[in-house]
Amino acid sequence: MPIDNKLVKEIASYRISRLLGLAEEMAKKNTKLSRALSKRYVLLARRISMHYKVKIPREMKERICKKCNNFLVPGINCSVVLASSKRFVVYKCECGAENHIFY
């Protein structure tokens with residue numbers, strides 16, 4: 001029985017969005033265990049994305065640190081700087097990595 005590729009990608013994208021939603025919830029709790037869980041959820045979502053070749057939604061991808069897999073929540077684990085002259089926002093993670101989001 002052949003597997004429908006479209007169905008597999010749909011399930012993978014649902015799992016990715018669910019894992020990133022859980023990662024956001026855990027990151028907002030701001031305890032040691034919840035931070036570790038948040039990183040684990042982001043790592044799993046990235047692995048699913050790579051394995052099934054499904055893109056992570058842009059608005060979620062912008063909120064993930066590429067260096068440490070932290071889900072960025074302003075005021076909890078990252079700082080936000082507005083560079084108005086260059087027209088972008090800088091999310092600076094606690095690991096030191098910066099994520100520039102243009103507007």
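**Checking the labels**

Modeller: Start with β2 and strand β3 (residues 98–102): they run antiparallel and five bridges join them. One ground rule: this is a predicted model, so local features need pLDDT of at least 70 and side-chain atom pairs count only at pLDDT 80 or more, while totals for chains, interfaces and linings use all residues. Also, residues are numbered from 1 along each chain as its sequence is written, and side-chain values use heavy atoms, with hydrogens and water left out.

Biologist: What makes β2 and β3 a pair?

Modeller: Two strands pair if DSSP finds at least two bridges between them (strands being DSSP E runs of at least two residues, numbered from the N terminus). Five bridges join β2 to β3, so they qualify. Within that pairing, Tyr 91 stands opposite Asn 99.

Biologist: How do you know that β1 pairs with β2?

Modeller: By that rule again: six bridges join strand β1 (residues 78–83) to β2, antiparallel, and Cys 78 faces Cys 93. Their hairpin has four residues between the strands, and Arg 87 takes a positive phi near 60°.

Biologist: Why is strand β2 called largely enclosed?

Modeller: Because five of its six residues (88–93) are buried, meaning under 20% relative accessible area with a 1.4 Å probe, protein chains only.

Biologist: And why is Ser 38 called buried?

Modeller: Its relative accessible area is 1%, which is under 20%, so Ser 38 counts as buried. Contact means heavy atoms within 4.5 Å; leaving out residues up to four places away in sequence, Ser 38 touches Ala 23, Met 26, Ala 27 and Phe 71.

How values were computed:
Buried < 20%, exposed > 50% of the residue type's maximum accessible area, 1.4 Å probe, protein only.
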